[in-house]
Amino acid sequence: MGARAPSHASRAASLALALLDRLIPSAHAADPAVTLRPYDPEIYRLAFDIFVGSGKLEDAYRVAAEAVRQRPDDLFWRERLAQLAEWTNRAQEALAQWSFLAERGSERAVQGVLRLAPGLN
């Protein structure tokens, strides 16, 4: 029986992983000489969307966290990081991100704080 061709989603996820490795060094790549590519909103959003769409939430989390590191005032990425932190069981980090957004007037973020805060007491 012949090998099956990879699905479109699988191929897209593989390409996004290759892109991610170029954008963000792996946690095990502790080489301080490794430099990150400059932030490009289109590339980061594409990688994020592909990872979420293919269920690779840890990789989507890495993209969102790096985007926030490079653009700490970008509310779009703060919200994505809050969502991914919740989805990947990082409640404390999700609360911090939702709190940041709530302080800037996001009603959705207020709901996130109210949802998470009681469980973290």
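Student: Which residues of helix α6 (residues 107–116) are buried?

Tutor: This is a predicted model, and buried here means under 20% relative accessible area. The buried residues of the helix are A109, G112 and L116.

Student: Within what arc do the buried residues of α6 fall, seen down its axis?

Tutor: An α-helix has 3.6 residues a turn, so residues three or four places apart point the same way. The buried residues of α6 are A109, G112 and L116. Seen down the helix axis they line one face, because they fall within an arc of 50°.

Student: Which helices are included in what covers the buried residues of α6?

Tutor: The protein has six helices and zero strands, and its elements run α-α-α-α-α-α from the N terminus on. What covers the buried residues of α6 includes two of these elements, namely α4 (75–87) and α5 (91–102).

Student: At roughly what angle do the axes of α5 and α6 cross?

Tutor: The crossing of these two helices is left-handed, and their axes come within 8 Å. The angle at which the axes of α5 and α6 cross is roughly 145°.

Student: How many residues of the contact of α5 with α6 are nonpolar?

Tutor: The contact is made by residues including A91, L95 and W98 of α5, and by residues of α6 among which are A109, G112 and L116. Two residues of the contact count as polar and two as charged, while the number of nonpolar residues is 10.

Key:
Residues are numbered from 1 along each chain as its sequence is written. This is a predicted model: local features need pLDDT of at least 70, side-chain atom pairs count only at pLDDT 80 or more; totals for chains, interfaces and linings use all residues. Side-chain values use heavy atoms; hydrogens and water are left out. Buried means under 20% relative accessible area, exposed over 50%, partly exposed in between (1.4 Å probe, protein chains only). Helices (H or I, at least four residues) and strands (E, at least two) are DSSP runs, numbered from the N terminus. The arc is that of the directions from the helix axis to the C-beta atoms. Contact means heavy atoms within 4.5 Å. Axes are lines fitted to C-alpha atoms, for helices over the stretch in contact, and angles run from 0 to 180 degrees between N-to-C directions. A crossing is left-handed if the near helix is turned anticlockwise from the far one by less than a right angle, and right-handed if clockwise. Ala, Val, Leu, Ile, Met, Phe, Trp, Tyr, Cys and Pro count as nonpolar, Asp, Glu, Lys and Arg as charged, and the others, Gly among them, as polar.
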